[in-house]
Amino acid sequence: MSATTVTTSPRNQSQQQFQADVEALEDVNCSTHGGKVGPAGGTQVDLIAVASTAGRVGCSEAFTVIIEYYRDAPTKSEGADYALTVRGWHCIADTGAQGTGIIDCKKDSLSFHTRQSGRDDGAKNPVWTTGGSSTRP
């Protein structure tokens, strides 16, 4: 009986690892360790980094953008949905008749959004920490 040798090209292994990494990627509730976000004096909500085939935004970047959005939207946003571009992220608020006030931000193929606290949409706890909360609303 002869032995059979099976080889896999490095490119194929890389493709397999990439597919496994994408499948393992999940939404992350950045607020678990970084705190709630919201307008000064307003309702505080969770910040969710959404997983996609393009990857997932880092929580630090999401916090930076949402903090600037809450600061600038009252005076710089446009339209009824308070559209505002912050650091290349296009953000809008759900403000319709049944609006939730949730903020949704997109850049390239990445996104993050706010979510009412206590609502579980499957987001996992992040594995990062922030350097303080003095700039958070």
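**Notebook: salt bridges and their setting**

I began with the charged pairs and found that the structure holds 6 salt bridges. I note at the outset that this is a predicted model. Side chains of opposite charge can pair when their charged atoms come close.

**Entry: aspartate 46 and lysine 36**

I looked up the pair of aspartate 46 and lysine 36, whose side chains meet in a salt bridge at 2.4 Å, N to O. The pair links distant parts of the chain, 10 residues apart: aspartate 46 is in strand E2 (residues 46-50), and lysine 36 is in the loop between helix H2 (31-34) and E2.

**Entry: glutamate 61 and lysine 107**

I next examined glutamate 61, which forms a salt bridge with lysine 107; their closest N and O atoms are 4.0 Å apart. Glutamate 61 belongs to helix H3 (residues 59-76) and lysine 107 to strand E5 (residues 103-107), so this pair ties together parts that are 46 residues apart in sequence. Glutamate 61 is partly exposed at a relative accessible area of 36%. Lysine 107 is partly exposed as well, with 26%.

**Entry: glutamate 68 and arginine 87**

Which residue forms a salt bridge with glutamate 68? I found arginine 87, with the closest N and O atoms 2.6 Å apart. Since glutamate 68 lies in helix H3 and arginine 87 in the loop between E3 and strand E4 (89-93), the pair ties together parts that are 19 residues apart in sequence. Glutamate 68 counts as buried at 15% relative accessibility, while arginine 87 counts as exposed at 54%.

**Entry: backbone angles**

I returned to arginine 87 for its backbone: it has a positive phi of about 55 degrees, although it is not a glycine. I then looked up aspartate 108, which is not a glycine either and has a positive phi of about 55 degrees. Aspartate 108 has its place in the loop between E5 and strand E6 (110-115), and it counts as exposed at 77% relative accessibility.

**Entry: the chain as a whole**

I turned to the overall layout and listed 3 helices and 6 strands for the protein chain. Read along the sequence, they follow the pattern α-β-α-β-α-β-β-β-β. Of the 137 residues in the protein chain, 33% are buried. I noted that the chain exposes about 8,600 Å², of which carbon and sulfur atoms supply 49%. Among contacts with a separation of 6 or more, 53% are between residues 24 or more positions apart.

**Entry: confidence**

Finally, I checked how far the model may be read. The mean pLDDT of the protein chain is 78, and 68% of its residues reach 70 or more. Which element has the lowest mean pLDDT? I found helix H1 (residues 10-24), at 51, whereas strand E3 (residues 84-86) has the highest, at 98. Over residues 4-9 the pLDDT stays under 50, and the model has 1 contact beyond four places in sequence for them. Residues 124-137 also have pLDDT below 50, yet this stretch has 33 contacts in the model beyond near neighbours in sequence. Where pLDDT is low, the predicted coordinates should not be read in detail.

How values were computed
Residues numbered from 1 in each chain as written. Predicted model: local features only at pLDDT ≥ 70, side-chain atom pairs only at ≥ 80, totals over all residues. Heavy atoms only, no water. Helix = DSSP H or I, 4+ residues; strand = E, 2+ residues; numbered from the N terminus. Buried < 20%, exposed > 50% of the residue type's maximum accessible area, 1.4 Å probe, protein only. Contact = heavy atoms within 4.5 Å. Areas by Shrake-Rupley, 256 points an atom, 1.4 Å probe, with all protein chains shown as cover. pLDDT = per-residue confidence, 0-100.
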